[in-house]
Amino acid sequence: MKQLPVKKNEIYDVEITSITHNGLGVGKIDNFPIFIKNALPGESISVKVIVVKKNFAVGRVIEIYQENEFRVKPKCSIYKDCGGCNLQHLSYLGQLKIKKDLVKEQFKRIGKLDVEVNDCIGMENSFGYRNKTQVPFGTVNNKIVAGFYKENTHEIIDMPGCDIQDEIMDNIISYMKKIAVKYEIIPYNEELNIGNLRHVIVRKGYITNEYMITLVTKDNDITNYEKIVNDLITEFPMIKSIIQNINPSKTNTILGDKQRILYGEEYIFDFIGDVKFAISSRSFYQVNPVQTKKLYDIILEYAKLTGQETIIDAYCGIGTIGLYLSKQAKAIYGVEIVPDAIKDAKLNARLNNFSNAHYEEGKAEEVIKKWQKENINPDIIIVDPPRKGCDKTFLDTVINMKIPKFIYVSCDPATLARDINTLSAHYNILEIQPVDMFPQTMHVETVVLMSRV
Ligand code: SAH
């Protein structure tokens, strides 16, 4: 076997040249890549090698000789163990800069395009932004704990609170721990497959201040559930809905198929701008309401609507993007693969009295072909696909349909760059705008405006 340039447990000096999508610093020892947690581009460090594989190594920082100018002390006390955030050791300004660079870099490397990228749009308060949390419950040394799984394990670490989420959510979770003790609810034990309470999920309507609690249990029943509900709504009157979700399986998946309402309605409500949305316990809804409004305003600005436009909203979820534009457009055609989301999108259209929005359940790549046959000639197509990006046949159909304007919203710069490369012979790139939907993490959302060549 070929001799590798690094050895386990040895210490090396290395320069960090880039950062991965999950926040690891990357350096090279004799051209052999090494990934290092808590190391930032521009830093020179000494590193101890802890894992060696055929093509890469993993190391731990021993000493930082030269710090990145934006390095800061992480705010959160559990940052090191949690893994939910991975950029808290960088100032917010530094985070925005690194996200812009990442987008530019992916366009160059994967998209083979040397492009201008706008500055990443950040938010005033880069903590406390999340409107949703899902917390596993467990027992450690006979004490009920609720927190997060220690990185790469299934060990639950008790959490006093989470700095990137709404504070009332922290209070509700702490209170649920007390309730579990008071009414002797036994948290679920994954290994033994015993106990009942698995997860507590809290969602918030940002504008309406309505809260929804979902209690995920193994069993059909929760003893004393009426008392639990009563305690919860007395302590937190902003709770408008309590749902029980039943998940009897030995699985990592959080939600099960069966649900029942314990209190209030099936939905809570929220507004983005002046458009109202019903949110159910299962539906996808952006987790950063402040930045979502900014993101949608950029889409609106790029769309330049006159009231005459027909718009396709592909991968539409519960219809948020299309409905945000609907008042200023002629017609919206939304497509989405999850049946419940389509049901919610239709409900949301009715809720706002928008009769010009039409929804179709199915794969975007199939439904768009149907629309092509039906001669729906859209002026604008907006896509917001999951991380894996758009299907190739979908993009080919869009190219075929000669849609004049293309707005691509993406949560993964790598697949975005790949797809834009596919489109680049047919579409000119006019703007590339990163928006920071997930401060303190490496995630970045990007909007690309393109016009037909
Ligand atoms: N635009 C929405 C949701 C974006 S998330 C919003 O801003 O809230 C991406 C959505 O794409 C998810 O709702 C997912 O269910 C859906 N999806 C995934 N693959 C799909 C496919 N092949 N066709 C249509 N929708 C798909």
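This is a predicted model: local features need pLDDT of at least 70, side-chain atom pairs count only at pLDDT 80 or more; totals for chains, interfaces and linings use all residues.
Reader: Which backbone atoms of Tyr315 and Ala364 lie at what distance from a nitrogen atom of the ligand?
Author: For Tyr315, a backbone N or O atom lies 3.1 Å from a ligand nitrogen. For Ala364, a backbone N or O atom lies 2.9 Å from a ligand nitrogen.

Reader: How much of the ligand does the protein cover?
Author: On its own the ligand has 580 Å² of accessible area, and the protein covers 88% of that.

Reader: Which residues come nearest to the ligand?
Author: There are 17 residues around the ligand, and Tyr296, Tyr315, Glu336, Ala364 and Asp384 come nearest. By class, the shell has 9 nonpolar, 4 polar and 4 charged residues. Helix H6 (320-326) and helix H8 (364-373) each supply at least two shell residues.

Reader: How do you know how H9 and H10 pack?
Author: Two packed helices are described by the angle between their axes and the distance between the axes. For H9 (residues 392-401) and H10 (residues 413-423), the angle is about 35° and the axes are 10 Å apart. The crossing is right-handed. Lys392, Leu395 and Ile399 of H9 make the contact with Asp419, Thr422 and Leu423 of H10.

Reader: What classes do the residues of that contact divide into?
Author: The contact of H9 with H10 has 3 nonpolar, 1 polar and 2 charged residues.

Technical notes
Residues are numbered from 1 along each chain as its sequence is written. Side-chain values use heavy atoms; hydrogens and water are left out. Axes are lines fitted to C-alpha atoms, for helices over the stretch in contact, and angles run from 0 to 180 degrees between N-to-C directions. Helices (H or I, at least four residues) and strands (E, at least two) are DSSP runs, numbered from the N terminus. A crossing is left-handed if the near helix is turned anticlockwise from the far one by less than a right angle, and right-handed if clockwise. Contact means heavy atoms within 4.5 Å. Ala, Val, Leu, Ile, Met, Phe, Trp, Tyr, Cys and Pro count as nonpolar, Asp, Glu, Lys and Arg as charged, and the others, Gly among them, as polar. A residue is near a molecule or strand if one of its heavy atoms lies within 4 Å of it. A polar contact is a pair of N or O atoms within 3.5 Å; within protein, one must be able to donate a hydrogen and the other to accept it, and residues adjacent in sequence count only if both atoms are side-chain atoms. Accessible areas come from the Shrake-Rupley method with a 1.4 Å probe; for residues, only the protein chains shown count as cover.
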